[in-house]
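Biologist: I have a model open and want to learn to read its features. Where shall we begin?
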Amino acid sequence: WASPPPPAATKFGLGVTSASATRGRRRSNVGLNVAASSLAMLGVLRYGKTGGGNSRMAGGRPTASSRRRGAARKSTVVHMVNRYKGLPGARLAHRGIFDEVVDVPWSSRFEPRLHDSALVSLVHGRPGLLADLVVLCAGAAARANEEWLKLRFGAVCATFQWLDSMQDVEGSLFWANALNGAFQPVSPVSRVPLVAKTGKLPGDLAGTFMRVGPNPAHWPPKKRTHVFDGDGMVHTVHIADGEAFYNCAFMETERWKIEQLWEAEFFVRIGELHGLSGLAKMLLAQLTDNMFTGVQSYEASTANTSLGFTPDGRLWALNESGAPFRFRLDDHGCPASVGFDTLGGTLRGQMSAHPKLDRRTGETFFHGFTYGVQSSFYVGRIVDGRVTDRVELPLSAGFHHDIFITECYVVVVDGSTDFHPQSIVTEEPLWMFGFERRLRFGLWPRSDRRMSAEDIIWIDAPEAAEIVHTLHAYDE
């Protein structure tokens, strides 16, 4: 407001703007004065007895006498409604008792116009004041909820900072100097020319070599960090016309975007799951829905473990803690993020980092698992970009990092490594080898049209063992 707001804005506690709003500054005060609303309702009742109609708030420009018209043009009462969809003819000025109660200048004409928040006036209409009061109350409730969320968010952040102070960050970075610093982060680059040290590249050789790995976006870190905790970065070498160029780019996941805005680590990492403070962090993150970010568990992945190239041409960056993250390459081999791939809404959960692709049949087989009070393990099939089968299997919380396929079977690996969440407190490894558990394999015949748990054949190995990765398998 260039001058004090009119009485109506004060009585109703509506949000107000001034010329400064165009420069990005806005004062807002969404609320409702009970006494003023009572007077307003009395005015409506009295007005109704004289044969008038109801009154409502809608988008439009207030009018008044010539003395007030200038002030009405200078000031704007802001409402949460985006626009008014009523007919101009129904919004012509009509003065009554209600006007005297709230003392709002009225317009002689109605000019609806779109704005980031619509104009609000008190004008004659059919739905009545009650609907508008409901909208105002809803706005007040939304604002109160927003303030409550800010309060809870601040408390959670303060708690995490206190827990951070109890952990040894420097001691968790022993891996950073291994292999002459090979695990330390690098910055994104594009089209860096590479030169062959000996010989030359064949002129007819064309293609792109890709790899993905963890690359911490914030360095040095302020939280305990494991070597696997870095954000996914795709590296490429693009070869064409006898030349080679190097590119690398972060996978812009939801957590990466939030932490870029935060300018620091925000989500809980593997390295933080250490000691009592680590257990507290894990529980607090679960109870607060990823610290009130609203990011689903399958969207909190770093996409930093493996790459997939599906039969229908999708490029995936994968991590077993989330859904596959899709990216693309431009004509120069530079990676560009697309987003988490839910396969047309048929995948709403984690997928392992090593799905198996059969280009002969166009099928993709995958498995996934979740840890928690009720751990689950499942295996599924994807055809034509959609999940067609998903079967829950009664497996314990193990490592379950890979599966393999042959021409005739899909094979699930149930190894001897168990997940021990209590190891967080004792500061021991989260996965520990169980010598009493024998390795076993679950075989599903691919000749069956539909996957089912009953059709899987379990075969026990004679000893305890674990298989982390598989390279190839075949039938004999």
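Modeller: Begin with one residue and its neighbours. Leaving aside residues up to four places away in sequence, Val268 touches Phe160, Arg255, Leu273, Lys281 and Ala285. Keep in mind that this is a predicted model.

Biologist: Where does Val268 lie?

Modeller: Val268 sits in the loop between α6 (254-262) and α7. Its relative accessible area is 24%, so Val268 is partly exposed. Look also at Met291: it is 23 residues from Val268 in sequence, and the two C-alpha atoms are 9.4 Å apart in space.

Biologist: How do I read the packing of two helices?

Modeller: Two numbers describe a packed pair: the angle between the axes and the distance between the axes. Take helix α5 (residues 129-164) and helix α7 (residues 275-287). They pack at an angle of about 160°, and their axes are 10 Å apart.

Biologist: What does that angle say about the directions of α5 and α7?

Modeller: Angles over 145 degrees count as roughly antiparallel. The two helices, α5 and α7, are therefore roughly antiparallel to each other. The crossing of α5 past α7 is left-handed.

Biologist: Which residues make the contact?

Modeller: From α5 come Val156, Thr159, Phe160, Leu163 and Asp164. From α7 come Ser277, Ala280, Lys281, Leu284 and Ala285. Sorted by class, the contact of α5 with α7 has six nonpolar, two polar and two charged residues. Now go back to Val268: Phe160, Lys281 and Ala285 are among the residues it touches.

Biologist: Next, aromatic rings. How do I describe a pair?

Modeller: Give the distance of the centres and the angle of the planes. This structure holds 12 aromatic pairs. One of them is Phe404 with Phe441, at 6.4 Å centre to centre and 70° between the planes.

Biologist: Is that pair stacked or edge-to-face?

Modeller: Planes over 60 degrees apart count as edge-to-face. Phe404 and Phe441 form an edge-to-face pair. The pair links distant parts of the chain. Phe404 is in strand β17 (residues 403-405), Phe441 is in strand β21 (residues 440-445), and the two are 37 residues apart.

Biologist: Is Phe404 buried or exposed?

Modeller: Buried counts as under 20% relative accessible area. Phe404 has 16%, so it is buried. For a group of rings, look at Phe153, Trp262, Phe266 and Phe267, which form one aromatic cluster.

Biologist: What should I look for in the backbone?

Modeller: Look for exceptions. Most residues other than glycine have a negative phi, and most peptide bonds are trans. Here a cis peptide bond joins Trp219 and Pro220, with omega about -5°. Pro220 is in the loop between β6 (207-215) and β7 (231-240).

Biologist: Which residue other than glycine has a positive phi near 50°?

Modeller: That is His400. It is in the loop between β16 (386-393) and β17. His400 has 4% relative accessibility, so it counts as buried. Glu427 is another residue other than glycine with a positive phi, near 60°.

Biologist: Where is Glu427 found, and how accessible is Glu427?

Modeller: Glu427 is in the loop between α9 and β20 (431-433). At a relative accessible area of 48%, Glu427 is partly exposed. Now look at Ser423, which is in helix α9 (residues 423-426). Ser423 has 2% relative accessibility, so it counts as buried. Not counting residues up to four places away in sequence, Ser423 touches Glu428, Pro429, Leu430 and Met432.

Biologist: Let me try another serine. What does Ser321 touch?

Modeller: With residues up to four places away in sequence left out, Ser321 touches Ser297, Tyr298, Ser301 and Gln350. Ser321 lies in the loop between β10 (315-318) and β11 (325-329). Its relative accessibility is 33%, so Ser321 counts as partly exposed. Ser321 and Phe369 are 48 residues apart in sequence, yet their C-alpha atoms are 8.4 Å apart in space.

Biologist: And the whole chain? How many helices and strands are there?

Modeller: Nine helices and 22 strands. The chain has 476 residues, and 44% of them count as buried. For contacts, consider those between residues at least 6 apart in sequence. Of these, 65% join residues at least 24 apart.

Definitions and conventions. Residues numbered from 1 in each chain as written. Predicted model: local features only at pLDDT ≥ 70, side-chain atom pairs only at ≥ 80, totals over all residues. Heavy atoms only, no water. Axes fitted to C-alpha atoms, helices over the stretch in contact; angles between N-to-C directions. Helix = DSSP H or I, 4+ residues; strand = E, 2+ residues; numbered from the N terminus. Parallel < 35°, antiparallel > 145°, perpendicular 65-115°, else oblique. Left-handed = near helix turned anticlockwise from the far one by under 90°. Contact = heavy atoms within 4.5 Å. Nonpolar A, V, L, I, M, F, W, Y, C, P; charged D, E, K, R; others polar. Phe/Tyr/Trp six-rings, centres within 6.5 Å; stacked < 30°, edge-to-face > 60°. Buried < 20%, exposed > 50% of the residue type's maximum accessible area, 1.4 Å probe, protein only.
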